[in-house]
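Please walk through the structure below with attention to its side-chain pairings and its surface.

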Amino acid sequence: MNLSKIVASTTLVLASQISLADITQTELRQELDSLFLQDKIYRITEDDLTIREDLGESWINNDKQHEMEVIQQAVNQLGKLMLGTYVIDDSSVLITSLDEEINDGTQQYRILRDAHPKGHQCANASFKIKENSVFPAGSFLGSPASHDAVIRFSSASNTPQQDSIKDVRGGAIKVSSTEHTQDFVMLSSQTFPTDNAEQFTNLVKVARVANCINIIPNNQDSSDGFLSSIFGPIYDFNQRVLAVAQCVNDSSLSIFELPEIIGAGIRFVNLQNESEIESAFHKSFFGVAPYAFNDTVFKFEMSPSLCSDINIEDLALSTQEASQNKGLENNIKRVLAAGTACYDLNVITRPNELSDAQAIETHTKTWDEMAQRSLERIKIASLEINQTEQGNQVTPLDCDEMQFNPENTEDGIKPLGSLNRARAIVYKSLSDFRKETNEYLRAQ
């Protein structure tokens with residue numbers, strides 16, 4: 001039983017009672033959806049999906065076609081979340097004005113990233129691989145070498161908010177050399193609110209509803225102000241109910257999905273509430289989904305470490321930074337203006353006592369929790385973030401447009417699990433969608 005059947009009859013009524021500004025925004029959203037998003041959805045085919053059955057991977061519901069449809073839904077739902085619903089001119093949500101340093105005042109609207117839209121800073125770094133017991137000599141991560149890298153610090157909330165609000169933070173690394181490019185996509189949380197792509201897609205539907213409801217226009221600003229003045233609170237309440245019903249209808253939520261969604265939503269809120277407001281240089285970052293190299297299954301972690309040249313600047317958030325809208329960005333700039341900052345990149349190998357489903361398809365618990373012991377961390381590389389000097393900064397626009405993807409790997413390293421399979425396709429599809437859409441908006 002789909003909730004869309006309950007509210008479908010309200011669609012025409014609601015559509016006839018929105019303001020001219022809302023119609024303009026709705027038409028823009030529909031135009032961008034038709035021009036760019038739908039093309040990305042229907043290009044996804046079964047050929048885009050592969051698994052390592054020998055390592056215990058399996059399709060969602062053991063059905064490859066079903067998983068493909070789930071990923072198409074994810075692109076559709078996230079893409080429309082990026083476009084926004086009932087977006088109004090002064091909305092701070094998802095179709096939003098850019099800072100002047102990014103667009104020079106030439107672009108009125110911009111589609112933000114589907115994941116971690118608020119970037120605090122991109123910084124150049126050196127990625128130094130050391131000999132280790134996980135990757136053999138001659139492989140990319142087993143051959144001692146130093147490579148150029150960029151790290152992007154970010155916040156997870158799909159609606160950019162003040163840094164003084166608790167949120168899961170991101171630390172994504174892009175390592176480049178003449179022969180290799182490798183992305184490491186990590187979070188400040190050790191777990192994820194969902195275990196597979198289908199659960200994640202259902203959670204996105206709720207985010208779409210919440211976003212839609214949050215930006216429903218105020219009736220007193222609409223062309224229906226005359227009716228509102230006559231019928232007062234009754235009219236306003238009716239309009240609100242119709243608008244909320246339309247938001248639910250557009251999300252394609254099903255009542256059968258609600259128990260699972262509620263559990264995922266609670267875990268999501270808990271992850272945010274458990275996130276300490278502190279400097280990125282004091283945080284560890286975790287790859288919640290596993291990878292494989294040959295027959296070895298493992299996860300990545302990144303932990304703060306001491307640099308050989310000690311930075312005399314206090315790495316912690318100052319009292320002022322902790323209360324600022326861009327406190328994390330200001331903290332990163334202050335610290336890197338004075339010196340370097342360092343991390344260790346570690347690997348955790350799959351504990352033998354875990355089943356395939358636990359090791360590959362469970363993200364709501366850590367391997368340590370499930371194995372009921374603390375697992376060994378093996379250092380494979382160090383990351384030294386360079387001191388910021390004139391001419392070596394990553395520009396805000398380059399940082400915003402930089403793409404990170406768990407499938408961007410080298411030398412036989414393969415992301416595992418339905419969440420990674422979905423992220424690989426969804427990130428690529430929506431990154432292309434965002435780029436094409438913003439180029440189109442920039443030209444208007």
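The structure holds 21 salt bridges. The model is a predicted one, and side-chain atom pairs count in it only at pLDDT 80 or more. Side chains of opposite charge can pair when their charged atoms come close.

Start with D400, which forms a salt bridge with R434; the closest N and O atoms are 3.4 Å apart. D400 belongs to helix α14 (residues 396-401) and R434 to helix α15 (residues 418-442), so this pair ties together parts that are 34 residues apart in sequence. Is D400 buried or exposed? With a relative accessible area of 12%, D400 is buried, because buried means under 20% relative accessible area. R434 is buried too, its relative accessible area being 5%.

Salt bridges that share partners also build a network, whose members are D39, K40, R43 and E436.

How many aromatic pairs does the structure hold? There are twelve aromatic pairs. In one of them, the rings of F153 and F281 have their centres 6.0 Å apart and their planes at 80 degrees, so the pair is edge-to-face. The angle decides this, because planes over 60 degrees apart count as edge-to-face. F153 sits in strand β4 (residues 145-155), whereas F281 sits in the loop between α9 (258-273) and β7 (285-286), so the pair ties together parts that are 128 residues apart in sequence. F153 counts as buried at 1% relative accessibility, and F281 counts as buried at 4%.

Which residues form an aromatic cluster? F127, F135, F184, Y291, F293, F298 and F300 form one such cluster.

Turn next to the surface. I255, F256, L258, I262 and I266 form a nonpolar patch there, and together they have about 480 Å² of accessible area. One of these residues, I262, is placed in helix α9. I262 counts as exposed because its relative accessibility is 52%, and exposed means over 50%.

The last stop is A371, in helix α13 (residues 367-371). At 11% relative accessibility, A371 counts as buried. Which residues does A371 touch, not counting residues up to four places away in sequence? A371 touches P351, E353 and L354. For E353, the separation along the chain is 18 residues, and the C-alpha atoms of A371 and E353 are separated by 6.7 Å.

Terms used: Residues are numbered from 1 along each chain as its sequence is written. This is a predicted model: local features need pLDDT of at least 70, side-chain atom pairs count only at pLDDT 80 or more; totals for chains, interfaces and linings use all residues. Side-chain values use heavy atoms; hydrogens and water are left out. Rings of Phe, Tyr and Trp (its six-membered ring) pair if their centres lie within 6.5 Å; planes under 30 degrees apart count as stacked, over 60 as edge-to-face and the rest as tilted. Helices (H or I, at least four residues) and strands (E, at least two) are DSSP runs, numbered from the N terminus. Buried means under 20% relative accessible area, exposed over 50%, partly exposed in between (1.4 Å probe, protein chains only). A salt bridge is a side-chain nitrogen of Lys or Arg within 4 Å of a carboxyl oxygen of Asp or Glu. Patches are made of residues with over 30% relative accessible area and no salt bridge: like charges are joined within 9 Å, nonpolar side chains (Val, Leu, Ile, Met, Phe, Trp, Tyr) within 5 Å. Accessible areas come from the Shrake-Rupley method with a 1.4 Å probe; for residues, only the protein chains shown count as cover. Contact means heavy atoms within 4.5 Å.
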